[in-house]
Amino acid sequence: MLELKNVSYEVNDENVNKEIIKNISFTIDERFVAITGPNGGGKSTLAKIIAGILTPTEGRIFLDGKDITDLSITERAKNGISFAFQQPVRFKGITVKDLITFAVGHSITTTEACSYLSEVGLCAKDYINRELNASLSGGEAKRIEIAMTMARGTSLSIFDEPEAGIDLWSFQSLIKVFEMMHEKSGGSIIIISHQERILNIADKVIVLANGELVNIGSKDEVLPGLLVDGPGCEKLISKM
Amino acid sequence: MDKITKDLLEQVAGLHEIPTGAYNIRKDGELYGRNVSANIDIVTKTDKPGIDIIVKDNTVNESVHIPVIIAQSGLKESVYNDFFIGENCDVTIIAGCGIHNGGKDASEHSGIHSFDVGKNSRVKYVEKHYGQGEGTGERIMNPKTNILLREGSYMEMDTVQIEGIDSTKRETTARILDDAKLIIKEKIMTHDKQYAETNFSVDLDGENSSTDVVSRSVAKDESTQLFKSEINGNGVCHGHSECDAIIMDNASVKAVPALTANNVEASLVHEAAIGKIAGEQLIKLMTLGLSEEEAEKEIVAGFLK
């Protein structure tokens with residue numbers, strides 16, 4: 001279970017303090033939790049705060065009852081948090097197999113790599129020895145990012161806009177991955193998304209706008225309001 | 001074979017025992033072992049230290065190992081190795097030098113290698129430099145490589161210096177004739193107060209000649225690196241050079257690329273990038289459970305792989 005208590009995050013922008021995250025509290029114990037809201041609303045910042053990449057200026061974060069606020073990224077990873085980036089990081093010389101090996105924590109066979117890569121629609125044979133460098137397309141890199149997160153099998157996984165850039169691979173497959181991950185590790189999966197099809201599978205939906213938590217509840221409670229007069233652009237939402 | 005010799009041979013030439021095929025092992029300024037094959041002859045020079053390696057026309061799938069080992073502290077030598085590769089060959093040459101310096105005097109090896117690669121031949125040349133030893137004496141290597149690629153030939157030069165060389169000045173010159181191609185891949189890591197200088201100069205003289213010079217380096221601690229590359233396009237040719245460096249701690253890296261086109265059909269490109277390890281790369285590996293130090297180590301190892 002993840003619990004945020006009065007978490008705020010401020011940055012100093014040209015000597016003006018700007019609050020990106022404003023006093024947010026919630027608990028997450030559900031299978032799938034979607035965080036949505038307009039661009040620039042603080043969703044990715046919040047994900048980075050949970051993963052330990054950013055340190056909150058106020059508030060505490062608890063994972064399964066343990067205060068993890070002062071733990072480093074590495075310590076949080078070891079305590080069971082995984083984070084799939086919105087923009088996958090490119091390396092030079094580090095292969096897909098290396099990365100899955102780091103994710104799993106021990107050396108792996110091609111068959112094991114295949115069990116993760118096939119779930120994201122990639123053939124291990126074609127990919128394990130490839131470098132995760134700029135030669136991979138955005139969609140390929142994104143799917144490998146998802147496979148790495150899956151391979152970790154932690155109790156909390158955060159996906160920052162997992163659907164972006166994976167157009168040739170269906171939403172249905174992505175949802176299958178989330179279901180499979182939950183089946184295997186039994187943990188919670190937080191998905192930052194604008195996509196209605198992703199929001200529709202959520203057990204809980206959190207809406208962030210201007211750094212504030214504007215709504216939280218089941219999808220039946222939150223989605224109608226979000227689509228009618230929520231913070232998202234109605235015209236865009238109507239085109240989803 | 002004693003342990004130091006064995007270790008050094010393994011480091012520089014990947015040898016666990018005496019190799020099969022043609023080889024010439026030089027240790028502490030003297031011949032340690034030699035074998036020739038039906039197609040590859042090795043002859044000691046009479047006018048200066050060094051050997052001639054003569055590969056007959058049409059020799060394919062053969063290799064030559066010519067490692068040099070220096071275990072005696074304070075030894076300084078210049079060795080001239082000339083390769084004469086016939087026509088239509090396909091051979092692999094594994095050179096390399098390992099210095100073990102257990103004393104206080106500087107040990108120095110300057111290998112001057114020249115290649116004359118015959119028409120339509122392919123050569124893979126692997127050169128690895130490595131130093132070790134508990135002594136305070138410097139380990140110095142100044143390799144020089146002069147290459148002539150004749151019509152339709154191809155050469156790939158992999159040069160690696162990962163550890164233990166205090167000072168190096170590497171000079172490589174090449175002249176590329178019609179339809180010939182030279183690929184150079186350099187990997188260097190310096191640490192402590194080491195100094196590494198690289199100088200590539202390639203003349204693309206032939207029609208449809210081409211070269212690709214790629215250097216990847218990591219400079220740590222207080223070390224200094226200088227990378228110079230010069231490509232002269234004198235005909236219808238294609239030249240590309242790339243210097244990609246990771247800088248850490250208080251190190252310094254300078255890249256000085258030069259491109260000269262003397263023909264309107266010459267197409268020359270240079271790319272250079274020097275910078276610290278990207279923060280997002282460290283963060284990504286840390287989110288997978290690696291510590292910052294482990295992440296840094298893996299990123300450097302991958303970069304130099």
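In the predicted model, helices α3 (residues 96–104) and α6 (residues 138–152) of chain A approach each other with axes that come within 7 Å and cross at roughly 30°; because angles under 35 degrees count as roughly parallel, α3(A) and α6(A) are described as roughly parallel to each other. The crossing of the two helices is right-handed. On the side of α3(A), the contact is formed by A:V96, A:L99, A:I100, A:A103 and A:V104, and on the side of α6(A) by A:I144, A:A147, A:M148, A:A151 and A:R152. Classified by residue type, this contact between α3(A) and α6(A) comprises nine nonpolar residues and one charged residue, with no polar residues.

Chain A also contains an open sheet of six strands, arranged in the order β6-β7-β8-β3-β9-β10 and with mixed pairing. Its edges are provided by β6 (81–84) and β10 (212–217) of chain A, each of which pairs on one side only, and the twist from one strand to the next averages 15°. Within this sheet, strand β3 (residues 32–36) of chain A pairs with strand β9 (residues 204–209) of chain A in the parallel sense, over four bridges, and A:V33 stands opposite A:K204 in β9(A).

Helix α1 (residues 43–51) of chain A packs on the sheet, where the strands touched by the helix are β3, β6, β7 (156–160), β8 (188–192) and β9 of chain A. The direction of α1 makes about 150° with that of β7(A).

How values were computed:
Residues are numbered from 1 along each chain as its sequence is written. Chains are lettered from A and ligands numbered from 1 in the order in which they are written. This is a predicted model: local features need pLDDT of at least 70, side-chain atom pairs count only at pLDDT 80 or more; totals for chains, interfaces and linings use all residues. Axes are lines fitted to C-alpha atoms, for helices over the stretch in contact, and angles run from 0 to 180 degrees between N-to-C directions. Angles under 35 degrees count as roughly parallel, over 145 as roughly antiparallel, 65 to 115 as roughly perpendicular and the rest as oblique. A crossing is left-handed if the near helix is turned anticlockwise from the far one by less than a right angle, and right-handed if clockwise. Two residues are in contact if their C-beta atoms, placed from the backbone, lie within 7 Å. Ala, Val, Leu, Ile, Met, Phe, Trp, Tyr, Cys and Pro count as nonpolar, Asp, Glu, Lys and Arg as charged, and the others, Gly among them, as polar. Two strands pair if DSSP finds at least two bridges between them.
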